[in-house]
Amino acid sequence: MATPELSSDCSRCFGLCCVLLPFSAAAGFGIDKPGGTPCLNLADDDACRIHATLREDGWPGCTVFECFGAGQHVSQVTYRGVSWREHDNLPEMAAVLSVMRPLHEMLVHLTEVERRSPDPAATTARTDIEALTGGDPESVLAVDLDEVHERVGGLLADASTRLRRSHPAAADRSRADLAGRTLRGDHRGWTFRGASLIRADLRDADLTDADLLGADLRDADVRGCDLSTTLFLTQPQVNAATGDAATGLPDGLRRPGHWA
């Protein structure tokens, strides 16, 4: 089985997120749309008609979303190139995507562990999850996501502890409500797991080895902030934040176009 790709390639996807997922105008998607209904901007070739002007046209939510490669994997591997246009069970395909995306996101984090703090248990978990992604729709839907989350969560916590060991005095702000707070300064090795950092001011902050797993960075100001060594930062978090040319990013993450 080929190793799953862990970043989106819309050219090999059938626009699954544009069809299968529900979204709302309040969340930045222009209109309210139920799951299983094609987006009004989806063309017959599964391309987005307004891709180049999504933010200007009132669809910023689309520029934040990232499937971690799950879309093309479901399209080309799980359903072997059979589009939703030919598929007679859209709820099943939507359910498969809802399982595949978190599996791919966990693979992203385990890949980071393998790169920064190798651990045999994490490598084994990565191999096991890759095997889960290669199954048919019925096999994917039988995956116990809670069990996999618990297993991977423990491995990521262990890796975070190892990587932040050189910062023994670092503060723990896990799940803290820091929305709108000014957090400029020295936060080396801090834990912001699951914290709300909505509109937080992190300009020029030192976030060396800070754990950002699951932190909400919507409209967080990270201009001038070096995020290159932060732990478990993902593309959707980056896309949701406000940065600039001086913002450092970890290897593998793309600088959003709207930062320009």
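**Note on cysteines, cores and backbone**

1. C13 is buried, at a relative accessible area of 13%. Here buried means under 20% relative accessible area, exposed means over 50%, and partly exposed lies in between (1.4 Å probe, protein chains only). The model is predicted, so local features need pLDDT of at least 70 and side-chain atom pairs count only at pLDDT 80 or more, while totals for chains, interfaces and linings use all residues. Residues are numbered from 1 along each chain as its sequence is written, and side-chain values use heavy atoms, with hydrogens and water left out.

2. C39 is in no disulfide either, the nearest cysteine sulfur being that of C18, at 5.9 Å. C39 is also buried, with 9% relative accessibility. A disulfide is taken as a pair of cysteine sulfur atoms within 2.5 Å, and by this rule the count is zero.

3. The largest nonpolar core has 37 residues, and L16, V74, L103, L110 and I129 are the ones that touch the most other members. Such a core is a set of buried Ala, Val, Leu, Ile, Met, Phe, Trp, Tyr and Cys residues joined through side-chain atoms within 4.5 Å. At least two residues each come from α1 (16–19), α3 (70–78), α4, α5 (120–133) and α7 (145–163). The biggest contributor is α4, which gives eleven residues. Helices are DSSP runs (H or I, at least four residues), numbered from the N terminus; strands are E runs of at least two.

4. V74 is one of the core residues with the most partners. Setting aside residues up to four places away in sequence, V74 touches L16, Y79, M93, V96, L97 and M100; contact means heavy atoms within 4.5 Å.

5. How many of the nine residues of α3 are buried? Seven are, so that α3 is mostly covered. The buried ones are A70, G71, Q72, H73, V74, S75 and T78. These residues pack against α1, α4, α5 and α6 (137–141).

6. F68, in the loop between α2 (60–64) and α3, has a phi of about 60° although it is not a glycine. F68 is buried, with a relative accessible area of 4%.

7. D209 sits in the loop between α7 and α8 and counts as buried at 12% relative accessibility.

8. G185 is found in the loop between α7 and α8 (235–240). Is G185 buried or partly exposed? G185 is partly exposed, with a relative accessible area of 32%. Apart from its neighbours within four places in sequence, G185 is in contact with A205 and D206. The C-alpha atoms of G185 and L202 are separated by 7.9 Å, with the two residues 17 apart along the chain.
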